[in-house]
Amino acid sequence: MPDMERWPTGRLLSTAARLVEHAWNEKLRGMDLTHAGVIVMEVLAVNGPTTQSMLAQIVRVQAQTMGKTLTRLEAHGHVSRARSVSDRRSQVVRLTQAGEHTLGLATQLEREVLAPVPVDTAKLRRELQSLVRELANNHSSAVVNDIVAAADSVAAPGEASN
(Lines give C-alpha, C1' and ligand atoms only; values in the text may rest on other atoms or scores of the structure.)
Protein backbone atom coordinates (compact mmCIF):
# COMPACT_ATOMS: atom_id res chain seq x y z
CA MET A 1 0.00 0.00 0.00
CA PRO A 2 1.72 3.11 -1.21
CA ASP A 3 3.00 5.47 1.44
CA MET A 4 0.49 4.89 4.24
CA GLU A 5 2.54 7.28 6.35
CA ARG A 6 0.93 10.09 4.35
CA TRP A 7 -2.64 8.81 4.59
CA PRO A 8 -5.08 10.89 6.62
CA THR A 9 -6.39 9.20 9.76
CA GLY A 10 -9.86 8.84 8.26
CA ARG A 11 -8.49 6.85 5.35
CA LEU A 12 -6.54 4.60 7.73
CA LEU A 13 -9.65 3.99 9.84
CA SER A 14 -11.93 3.27 6.89
CA THR A 15 -9.39 0.99 5.21
CA ALA A 16 -8.81 -0.95 8.43
CA ALA A 17 -12.58 -1.27 8.94
CA ARG A 18 -13.11 -2.60 5.42
CA LEU A 19 -10.26 -5.10 5.76
CA VAL A 20 -11.54 -6.40 9.11
CA GLU A 21 -15.11 -6.65 7.83
CA HIS A 22 -13.98 -8.47 4.68
CA ALA A 23 -11.89 -10.98 6.66
CA TRP A 24 -14.74 -11.51 9.13
CA ASN A 25 -17.28 -12.02 6.34
CA GLU A 26 -14.97 -14.64 4.79
CA LYS A 27 -15.01 -16.56 8.07
CA LEU A 28 -18.75 -16.05 8.58
CA ARG A 29 -19.57 -17.38 5.12
CA GLY A 30 -18.89 -20.91 6.36
CA MET A 31 -21.63 -20.42 8.96
CA ASP A 32 -24.12 -19.02 6.41
CA LEU A 33 -23.85 -15.62 8.08
CA THR A 34 -22.93 -12.10 7.11
CA HIS A 35 -21.70 -9.17 9.16
CA ALA A 36 -25.18 -7.63 8.88
CA GLY A 37 -26.76 -10.80 10.23
CA VAL A 38 -24.43 -10.85 13.22
CA ILE A 39 -25.31 -7.25 14.03
CA VAL A 40 -29.03 -8.14 14.03
CA MET A 41 -28.38 -11.15 16.25
CA GLU A 42 -26.37 -8.97 18.67
CA VAL A 43 -29.24 -6.50 18.93
CA LEU A 44 -31.65 -9.34 19.68
CA ALA A 45 -29.28 -10.84 22.25
CA VAL A 46 -29.09 -7.52 24.09
CA ASN A 47 -32.63 -6.18 23.62
CA GLY A 48 -34.62 -9.41 23.49
CA PRO A 49 -37.54 -9.96 21.12
CA THR A 50 -38.01 -6.87 18.96
CA THR A 51 -40.25 -5.91 16.08
CA GLN A 52 -38.81 -6.06 12.61
CA SER A 53 -39.39 -2.33 12.13
CA MET A 54 -37.62 -1.49 15.40
CA LEU A 55 -34.66 -3.65 14.38
CA ALA A 56 -34.42 -1.71 11.13
CA GLN A 57 -34.39 1.56 13.08
CA ILE A 58 -31.77 0.38 15.57
CA VAL A 59 -29.47 -0.98 12.88
CA ARG A 60 -30.10 2.04 10.63
CA VAL A 61 -31.26 0.19 7.53
CA GLN A 62 -34.39 0.27 5.42
CA ALA A 63 -37.21 -2.10 6.41
CA GLN A 64 -36.79 -3.94 3.10
CA THR A 65 -33.09 -4.52 3.79
CA MET A 66 -33.91 -5.78 7.28
CA GLY A 67 -36.52 -8.13 5.82
CA LYS A 68 -33.91 -9.70 3.52
CA THR A 69 -31.45 -10.12 6.38
CA LEU A 70 -34.13 -11.70 8.59
CA THR A 71 -35.27 -14.05 5.83
CA ARG A 72 -31.73 -15.38 5.56
CA LEU A 73 -31.30 -15.65 9.34
CA GLU A 74 -34.67 -17.39 9.67
CA ALA A 75 -33.89 -19.85 6.85
CA HIS A 76 -30.81 -20.97 8.78
CA GLY A 77 -32.65 -21.21 12.11
CA HIS A 78 -30.91 -18.27 13.80
CA VAL A 79 -34.09 -16.24 14.40
CA SER A 80 -37.83 -16.80 14.43
CA ARG A 81 -40.58 -14.37 13.49
CA ALA A 82 -44.17 -14.30 14.71
CA ARG A 83 -47.05 -11.87 14.46
CA SER A 84 -47.19 -9.41 17.34
CA VAL A 85 -50.05 -10.03 19.76
CA SER A 86 -50.55 -6.29 20.29
CA ASP A 87 -50.27 -5.29 16.60
CA ARG A 88 -51.04 -8.00 14.05
CA ARG A 89 -49.35 -5.92 11.32
CA SER A 90 -45.98 -6.24 13.08
CA GLN A 91 -43.66 -9.20 13.34
CA VAL A 92 -41.71 -9.86 16.51
CA VAL A 93 -38.26 -11.32 15.93
CA ARG A 94 -36.59 -13.59 18.46
CA LEU A 95 -33.10 -15.04 18.59
CA THR A 96 -33.35 -18.83 18.68
CA GLN A 97 -31.23 -21.08 20.85
CA ALA A 98 -29.32 -22.07 17.70
CA GLY A 99 -28.88 -18.35 16.96
CA GLU A 100 -27.45 -17.73 20.43
CA HIS A 101 -24.95 -20.53 19.87
CA THR A 102 -24.05 -19.25 16.40
CA LEU A 103 -23.61 -15.71 17.74
CA GLY A 104 -21.07 -17.02 20.23
CA LEU A 105 -19.16 -18.72 17.41
CA ALA A 106 -19.30 -15.55 15.29
CA THR A 107 -17.90 -13.54 18.19
CA GLN A 108 -15.00 -15.98 18.44
CA LEU A 109 -14.40 -15.67 14.69
CA GLU A 110 -14.08 -11.90 15.03
CA ARG A 111 -11.39 -12.41 17.66
CA GLU A 112 -9.59 -14.78 15.30
CA VAL A 113 -9.56 -12.13 12.57
CA LEU A 114 -7.63 -9.77 14.84
CA ALA A 115 -5.53 -12.40 16.64
CA PRO A 116 -2.53 -12.30 14.27
CA VAL A 117 -2.34 -8.51 14.43
CA PRO A 118 0.44 -7.35 16.80
CA VAL A 119 -1.84 -4.82 18.51
CA ASP A 120 -3.48 -4.80 21.93
CA THR A 121 -7.02 -5.30 20.60
CA ALA A 122 -8.66 -4.57 23.97
CA LYS A 123 -6.85 -1.22 24.08
CA LEU A 124 -7.71 -0.57 20.44
CA ARG A 125 -11.42 -1.18 21.20
CA ARG A 126 -11.29 1.25 24.13
CA GLU A 127 -9.53 3.88 22.02
CA LEU A 128 -12.04 3.51 19.18
CA GLN A 129 -14.97 3.75 21.62
CA SER A 130 -13.45 6.89 23.09
CA LEU A 131 -12.90 8.33 19.61
CA VAL A 132 -16.52 7.70 18.60
CA ARG A 133 -17.91 9.21 21.81
CA GLU A 134 -15.66 12.29 21.71
CA LEU A 135 -16.33 12.99 18.06
CA ALA A 136 -20.05 12.65 18.74
CA ASN A 137 -19.79 15.07 21.66
CA ASN A 138 -18.03 17.60 19.44
CA HIS A 139 -20.68 17.29 16.72
CA SER A 140 -24.04 17.52 18.42
CA SER A 141 -26.15 16.81 15.34
CA ALA A 142 -29.13 14.54 15.86
CA VAL A 143 -27.79 12.04 13.33
CA VAL A 144 -24.45 11.67 15.12
CA ASN A 145 -26.12 11.40 18.52
CA ASP A 146 -28.44 8.69 17.17
CA ILE A 147 -25.50 6.70 15.81
CA VAL A 148 -23.70 6.78 19.16
CA ALA A 149 -26.86 6.01 21.13
CA ALA A 150 -27.54 3.00 18.91
CA ALA A 151 -23.96 1.80 19.27
CA ASP A 152 -24.09 2.17 23.05
CA SER A 153 -27.36 0.20 23.24
CA VAL A 154 -25.84 -2.84 21.51
CA ALA A 155 -23.02 -4.87 22.99
CA ALA A 156 -20.24 -5.31 20.48
CA PRO A 157 -18.85 -8.79 19.80
CA GLY A 158 -16.52 -9.81 22.58
CA GLU A 159 -17.10 -6.62 24.55
CA ALA A 160 -18.01 -8.42 27.75
CA SER A 161 -14.78 -10.41 27.65
CA ASN A 162 -12.45 -7.54 26.73
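Colleague: Which residues form a nonpolar patch on the surface, and with about how much accessible area together?

Modeller: This is a predicted model, in which local features need pLDDT of at least 70 and side-chain atom pairs count only at pLDDT 80 or more, while totals for chains, interfaces and linings use all residues. Residues are numbered from 1 along each chain as its sequence is written, and side-chain values use heavy atoms, with hydrogens and water left out. Patches are built from residues with over 30% relative accessible area and no salt bridge, like charges being joined within 9 Å and nonpolar side chains (Val, Leu, Ile, Met, Phe, Trp, Tyr) within 5 Å, and accessible areas come from the Shrake-Rupley method with a 1.4 Å probe, only the protein chains shown counting as cover for residues. The patch consists of Leu13, Val117, Val119, Leu124, Leu128, Leu131 and Leu135, with about 510 Å² together.

Colleague: Which helix gives the most to the nonpolar patch?

Modeller: Helices here are DSSP runs (H or I, at least four residues; strands are E, at least two), numbered from the N terminus. With four residues, the one that gives the most is helix α6 (residues 121-138).

Colleague: Is Thr102 buried or exposed?

Modeller: Thr102 is found in helix α5 (residues 97-114), and, neighbours within four places in sequence aside, Thr102 is in contact (heavy atoms within 4.5 Å) with Met31, Leu33, Met41 and His78. The C-alpha atom of His78, 24 residues away along the chain, is separated from that of Thr102 by 7.4 Å. Because its relative accessible area is 9%, Thr102 is buried.

Colleague: Where do Arg29 and Glu26, whose side chains meet in a salt bridge, both lie?

Modeller: A salt bridge is a side-chain nitrogen of Lys or Arg within 4 Å of a carboxyl oxygen of Asp or Glu, and the N to O distance for Arg29 and Glu26 is 2.9 Å. The two are three residues apart, about one turn of the helix, and both lie in helix α1 (residues 9-29).

Colleague: How many residues apart are Lys27 and Glu112?

Modeller: The side chains of Lys27 and Glu112 meet in a salt bridge at 3.9 Å, N to O. This pair links distant parts of the chain, Lys27 in helix α1 and Glu112 in helix α5, the separation being 85 residues.

How values were computed:
Buried < 20%, exposed > 50% of the residue type's maximum accessible area, 1.4 Å probe, protein only.
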